[in-house]
Amino acid sequence: MRYELRFSGVGGQGNMLAGMILAEAAIYFENKHASYVPTYTSQVRGGPTKADIIISDNTILYLEANSIDYFMAIHPRTYDMYKSDSKPGSIIVVDMHMVQVPDEDKKKFKVYELPIVETARNKVGNVITANIVSLGVTAKLANIISPESLFKAIERRVPPKFLDLNEKAFEIGMSLVK
Amino acid sequence: MKRAVVANGNEMVVEGAIDAGCRFFAGYPITPSSEVAEGMARKLPKLGGVFLQMEDEIASIACAIGGSLGGEKTMTASSGPGISLKQEGVGLACIAEIPLVIINAMRGGPSTGLPTRIAQSDIMQARWGTHGDHPAVALCPGSVAECYTETIRAFNIAEELRTPVYVLSDAFLAHLSTKVELPGKEELKIANRLRPTVKPEEYYPYDTRFGDIPPLADYFSGYRFHVTGLNHDKTGFPNIDPVLQESEEERLINKVLKRQEAISTYENYKLEDAQIVVVAYGSNASGAKEAVDAARESGIKVGLFRPITVWPFPSIPFQEVAASAKQIIVTEVNLGQIVYEIERIMLGGRAVTEIRNGNLIFDTRHPRSSAELSTVLQANGTPIRPNQILSQIKEVA
Amino acid sequence: MSVEYENYLRMNKFPHYWCPGCGNGVVLKAFIQAVDELGWKNNDIGMVTGIGCSSRASGYVDFNTMHTIHGRALAVATGIKMSNPSKHVVVFAGDGDASAIGGNHLIHACRRNIDITLIIINNWIYGMTGGQYSPTTPTGTIATTMPYGNADPDFDLASLTIGAGATFVARSSVADPIILKNYIKKALTHKGFSVIDAFSNCHIQWGRKNKFGDPVKLVEHIKSVTVSAAKAKKMSPEELKNLFVTGVLYEDKDKKEYTESYFDMVKRAQSQTKGGR
């Protein structure tokens, strides 16, 4: 089994860290093989970024995602740039206030339009937690890594004083998926 | 005892360097190799070592050369334009026979090119980048784990051969994080340069009495000697005698060529009965393996030849593979570099084992290859996908 | 007491490479006298040079020596010093080597204030390559690449290195070898980056094109364009125009030396439990 996820957005949103946490959760807490490949540009803030995560029960030979099962886009630019590798019928999650998904895509993919950034800003109380909200959504929708493992991986990466805030973000993220 | 870690290629280069005994680094920030410098900057001070961010790339390699003469195992790291700038320093390390490791996380080019994207475009630069005739050793790790083991091997070769050694990773490998299993520290073989045992007054820095790789003393250790970038004699002083210079130039190159059986490592993957041979190296080989696996599933007799050392190219092992192949497919993330070496070996059926009195000495044990040669090349900043290689395999099957 | 020069020189490398009457030997002699007066041991001295006539100096002295590549002597020397901070490292360079191709390394060695002594043999020309103009060739004078008179403004290397952060800068010339020796001695004992701007005569490559083909006349000319700091104090800016002031032009004993700063940082790093992952 090989499962490919792609997190995309623009530099500064924390998509790369979210991808890394996902790969680490698979490796450290589910004893799976995983790889994480970041792609970015020289534009540190606002440039298009993507993180490709491959999770597998077996050794992963080819390490670039090219048949994506789960694609998340938090910015319109990266939605257009990076959706082409998504498998027909695969999951696409977008931030509903950022990305307009064309009707044809809605027929081709399982599209979820969620208020990710708005949730981070208003419900969690800090926009910087949008990537952790995304992980909560992913825990529920992708169903590839258990929420427990994902949260353990989050704990490894976030400073202790922000752990409560991130736990809140993760739980609210999961609750976005009905 | 084996160790498992999650890390990217740049981090593994750092680990490898530290475990090889590197305690001196001089570099300059550049994408995508900067994390090597950052890692060394974190680790070296804790170990009492020296980390210097110099004013430019040229200063970085020059400073690393100074540190090596000072007795340290030294390293510099860069990419693209930075490696171009370092070339005069590479030549100095070659002719003065100063051990040094140069990490090149290859990115798209020429010029500023595609700074954050993958390429394997510096293969020929690693061979011929600096001016003049010179030896070249370049290792090409194919995985994150090999970034660790090949960096250690690079230090060992640099120390044992008194020559600069490249580790050619790439933008993809540099930033790819995955779980890696490393050999236990007790399994590591760590080599150190030969230091003189003669009395200081009997010491010469290029004295071949004890073999073709002379012992190298540390500065300030009581052995006072001279080093120059000019052609020199055994004492290290300039010399333009044609007879001596011919043998010295040849010694520089032969010290690598004569050890190529040990240096030029490679991997044969599913080649036993293969009629089609894919040649791929570095991170590109992982996609090639997947393509080979997929083709095997549909009954095609195909395998992969993966040079781990690209210079000197493992010519003799490749000849053996090429002799029985019907089709050879070279794939690399550039518009054709190692393919020219492959073509040369196939057509000539010969590998250079030595240069003697101006003559290239060939290994003629193997016949010319009658295989057909084709390529899967790409230089657009993205990795070559397994299905691109697979369709070429199917095309020629 | 006279100096036993044989103790410091590789006598089998003589006769030297320089033209008859060249100022390089005067500067090298002053340097050896200074080393002798300090009682430094040959084993503890490293001399690094780049490319150019003056850079051949490293071949003549019986120290730990390296003749590197054009302009890079200071960068190599930085590596040697950092790996052996307790040893003495000296760089000899020409004006082109130090301030043109090696200009970036020069200003950053000054900025770091690393304990290296740089002796610039400043003869206003690229001598070895045949008399092309350098950054210190006087404006208006003739060089093979400025056959109609140098259009370029010239560098004042003392001002440059003081501005870049060197903590000991002195200028003298081959016309005053004893004063030159004294300044070199001060520079060698100075803790930090020290620069000697030693005006020297290249009567062959600069002099012959500019009516100073005779070395004595050229040394006289160097005297005429230099003025001691003591005399300069009494002169008006108008009078000082086109003159180079000699003397210890700058000395700062307070700025921290680089190997000390670096190894202090090492101590900080080693005392921290975090950060070195």
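Buried residues account for 50% of the 178 residues in chain A of this predicted model. A residue counts as buried if 20 or more other C-beta atoms lie within 10 Å of its own, with C-beta atoms placed from the backbone. In chain C, the buried share is 51% of 277 residues. Because the model is predicted, local features need pLDDT of at least 70 and side-chain atom pairs count only at pLDDT 80 or more, while totals for chains, interfaces and linings use all residues. Residues are numbered from 1 along each chain as its sequence is written, and chains are lettered from A and ligands numbered from 1 in the order in which they are written.

Chain A contains seven helices and six strands. Helices (H or I, at least four residues) and strands (E, at least two) are DSSP runs, numbered from the N terminus. Their order along the sequence is β-α-β-β-β-α-β-α-β-α-α-α-α. The radius of gyration of chain A is 15 Å, close to the 16 Å of the globule rule for 178 residues, so chain A is as compact as a globular protein of that length. This radius is taken over C-alpha atoms, and the rule is 2.2 Å times the number of residues to the power 0.38. Along the principal axes, the C-alpha atoms of chain A fill a box of roughly 40 × 40 × 35 Å. Of the contacts in chain A with a separation of 6 or more, 58% join residues 24 or more positions apart. Two residues are in contact if their C-beta atoms, placed from the backbone, lie within 7 Å.

Chain C has 12 helices and 10 strands. Its radius of gyration is 19 Å, which agrees with the value near 19 Å for a compact globule of 277 residues. The C-alpha trace of chain C spans about 65 × 45 × 35 Å along its principal axes. Residues 24 or more positions apart supply 65% of the chain C contacts with a separation of 6 or more.

Within chain C, helix α1(C) (residues 24-38) packs against helix α7(C) (residues 177-189) at an angle of about 55°, with axes 8 Å apart. Axes are lines fitted to C-alpha atoms, for helices over the stretch in contact, and angles run from 0 to 180 degrees between N-to-C directions. The contact includes V26(C) and F31(C) of α1(C), and L180(C) and I184(C) of α7(C). Its residues divide into 10 nonpolar, two polar and three charged. Ala, Val, Leu, Ile, Met, Phe, Trp, Tyr, Cys and Pro count as nonpolar, Asp, Glu, Lys and Arg as charged, and the others, Gly among them, as polar.

Conventions:
A residue is buried if 20 or more other C-beta atoms lie within 10 Å of its own, exposed if 12 or fewer, and partly exposed in between; C-beta atoms are placed from the backbone.
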